[in-house]
Amino acid sequence: MNTDNLITDMHLDVLKEVGNIGAAHAATSLSQLLNRKIDMHVPKVELVSFDGMFDLAGGAETVVAGIFLRIEGDLSGSMFFVLPLDSANHFIRKLIGDETFDFASHDIPDMGISAMQELGNILSGSYLSALSDFTGLKIYPTVPSLSVDMVGAIVSFGLIEVSQHSDEVIVIDTQIREEGPDGTASVNGHFFLLPDPSSYAAIFRSLGVL
Amino acid sequence: MNVVKEPMTIRTSGLGSCVGVVLYDQTKKIAGLVHIMLPDSNLGKSDQVNVAKFADTGIYALMELLKAEGVRPMGLKAKIAGGSQMFQFGSNDTIRIGPRNIEAVKKELKRLSIPLTAEDTGGSSGRTIEFDPAHSILHVRTVSQGTKEI
């Protein structure tokens, strides 16, 4: 089924609403974990080209710590949690209490990798359970996997499924900000939820907009 | 998919499981680059096919583009990079997509009788590549190992 022509601004608005609910839950989890005020919101949901998607994360060549997991069930797709290296270091140093930890080091300590995967697990879990509650769709995430590399190389892995159908993808982008002591945001990360095109119909039907 | 002549260079950044295929003519100092995402156009599930993203149609399309620039297919050579396995799991269609892309690219080059002169493929790292038609050199950059020339 070709749903490309059916996607309107109204559909994207509904997804934004859903994304914001998921983001609020994930932000609460992260705040509790770090004992800091974390803000997450969905600035927009767009149908973008593959290059456009890499640009959202700073360009294809930007080095990031990227968590990838697949979603199966009534809704299938890929999810990425992408943090610039300095932001990832910032979070993980707090989590494991080791100020020397660095994702840019040659042999990344296992403790940090494990903490990052757990962070991905907790955030995606709270995001997806909110999404599942809201839509009534059964959603099962796989165990997350971490890669420290160029964002284009990491995120394109989630575009393979989409690329069989079209050259554009629905991106539910979520921005993560941490309020610093002086009120400025010290962390800037992204969540990308990329539903497989075969799931577009299921999502919109569950939201009553198909 | 694009074609350049010296002194211009051509590049693509952040290759993961995709394979960057460069076709070049050493004497005419002209080169083309195509970014292959999928091994086979039969995997396409839409009516409008973007030929550039499949190995079995993209390399041929690039060859035609170079022919239009006055290059003889006999004079063409190829260098390729990419096809890594970024993650160890995925949906059924995405498992081993990197190795499958490499395999499909090589098969297609063989079918078109284009000799493969250098490659930097596989592994689990992303790559940024840039080809310099003046010297027929492909620069391959990875995060962990810096830049190398092939």
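**The interface of chains B and A, and the cores**

The contact (heavy atoms within 4.5 Å) takes 31 residues from chain B and 30 residues from chain A. This is a predicted model, in which local features need pLDDT of at least 70 and side-chain atom pairs count only at pLDDT 80 or more, while totals for chains, interfaces and linings use all residues. Residues are numbered from 1 along each chain as its sequence is written, chains are lettered from A in the order in which they are written, and side-chain values use heavy atoms, without hydrogens and water.

Reader: Why is the pair A:Glu61 and B:Arg11 called a salt bridge?

Author: A salt bridge is a side-chain nitrogen of Lys or Arg within 4 Å of a carboxyl oxygen of Asp or Glu. The closest N and O atoms of A:Glu61 and B:Arg11 are 3.3 Å apart, so the pair qualifies. The count between chain B and chain A is three salt bridges.

Reader: What makes up the area buried between chain B and chain A?

Author: Buried area is the accessible area (1.4 Å probe) that two parts lose on being put together, summed over both. Here it is about 2,500 Å², with 61% given by carbon and sulfur atoms. B:Met37, B:Phe87 and B:Phe89 supply 27% of the area that chain B buries against chain A, more than any other three residues.

Reader: Which residues touch the most other members of the largest nonpolar core?

Author: A nonpolar core is a set of buried (under 20% relative accessible area, 1.4 Å probe, protein chains only) Ala, Val, Leu, Ile, Met, Phe, Trp, Tyr and Cys residues joined through side-chain atoms within 4.5 Å. Among its 48 residues, they are A:Leu30, A:Met40, A:Phe81, A:Met116 and A:Ile170.

Technical notes:
Buried < 20%, exposed > 50% of the residue type's maximum accessible area, 1.4 Å probe, protein only.
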